[in-house]
Amino acid sequence: SLTGPLRGIGLLHKDLFNLSGRDPGFGHSYGKNNSQQEDAKVITQLKQAGCGILGTLVMAPYACGATMQNPYFPKCFNPLNENYAIGGSSSGSAIAVASKMSYVSLGSDTAGSIRIPAATCGITGLKTTQGLISLQGVTTLSESLDTVGLLGRYAKDIELILDVVVSHSLEPLEAISHFNYWLPKEAMDPSITSHIKSFLSRFEDANAVDIKEYSQVKRAADIVMAYEINRNYAE
């Protein structure tokens with residue numbers, strides 16, 4: 001019988017995680033049987049917590065695409081409105097959550113692949129710090145920048161799953177006495193900024209900083225990503 005905090009819960013995930021007996025399709029195929037294949041570490045963690053893996057989800061080919069455009073699979077539709085765009089590359093993960101097929105779905109984010117579809121489908125997306133969730137058994141796009149993250153309708157759902165799959169314990173917010181934060185004004189709606197600042201006002205020593213070098217850092221990350229993608233998939 002299933003045991004653990006997630007017992008009996010079935011989830012769907014982006015098709016770039018190794019599954020027992022199956023290689024992922026990585027957005028360009030339906031995957032293939034492989035009797036030697038073992039579960040990705042994050043999938044093992046979910047199963048050990050009692051979670052069932054119901055299936056895999058379509059994604060932009062090679063996890064490299066800001067939209068759902070994919071010539072290898074039937075067209076997908078945004079649950080909010082069939083005429084709305086769907087972001088990528090974790091497109092199926094966002095659709096499954098927004099349409100209530102899955103409470104939470106694993107995705108990956110290298111340069112927006114969780115955050116973009118979460119925004120277009122009106123749900124919550126969490127891009128984690130690299131290494132917080134194991135990349136073992138996860139198909140690589142750009143190894144220096146890849147991260148595993150979560151999509152969910154509610155932040156609380158994401159928190160419950162995150163507690164199971166993190167590689168090290170997270171420090172509770174209440175225990176953090178000092179931190180700096182940066183809000184990119186040109187990229188955020190003022191109403192969102194005001195809510196974030198209201199939340200941060202709960203902390204005694206939270207200081208706003210200005211990352212003036214952001215455009216240069218972003219450019220450097222783009223160069224690294226382009227180099228690694230070309231090296232991994234030029235053929």
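Tutor: Accessible areas come from the Shrake-Rupley method with a 1.4 Å probe, and for residues only the protein chains shown count as cover. The protein exposes about 13,300 Å², and carbon and sulfur atoms supply 53% of that area.

Student: Where does the model come from, and how are things numbered?
Tutor: This is a predicted model, where local features need pLDDT of at least 70 and side-chain atom pairs count only at pLDDT 80 or more, while totals for chains, interfaces and linings use all residues. Residues are numbered from 1 along each chain as its sequence is written, and side-chain values use heavy atoms, leaving out hydrogens and water.

Student: OK, how many helices and strands are there?
Tutor: Six helices and nine strands. Those are DSSP runs numbered from the N terminus: helices are H or I with at least four residues, strands are E with at least two.

Student: Why call it as compact as a globular protein of its length?
Tutor: Because its radius of gyration is 18 Å, close to the 18 Å that the globule rule gives for 235 residues. The radius is taken over C-alpha atoms, and the rule is 2.2 Å times the number of residues to the power 0.38.

Student: What share of the residues is buried?
Tutor: Buried residues make up 41% of the 235. Buried means under 20% relative accessible area, exposed means over 50%, and partly exposed is in between (1.4 Å probe, protein chains only).

Student: Switching to Thr-120, where does it lie?
Tutor: Thr-120 is in helix α3, residues 115-120. With a relative accessible area of 25%, Thr-120 is partly exposed.

Student: What does Thr-120 touch, leaving aside neighbours within four places in sequence?
Tutor: Thr-120 is in contact with Asn-78, Leu-80, Ala-85, Ile-86 and Gly-87. Contact means heavy atoms within 4.5 Å.

Student: And what's 3.2 Å from a polar atom of its side chain?
Tutor: The backbone oxygen of Pro-117.

Student: Now Ser-134: buried or exposed?
Tutor: Ser-134 counts as buried, at 13% relative accessibility. Ser-134 sits in the loop between β6 (124-126) and β7 (147-152).

Student: Which backbone nitrogen does the side chain of Ser-134 reach?
Tutor: That of Gln-136, at 3.0 Å. Leaving aside neighbours within four places in sequence, Ser-134 is also in contact with Lys-41, Val-42 and Val-148.

Conventions. Polar contact = N/O pair within 3.5 Å; in protein donor to acceptor, adjacent residues only side chain to side chain.
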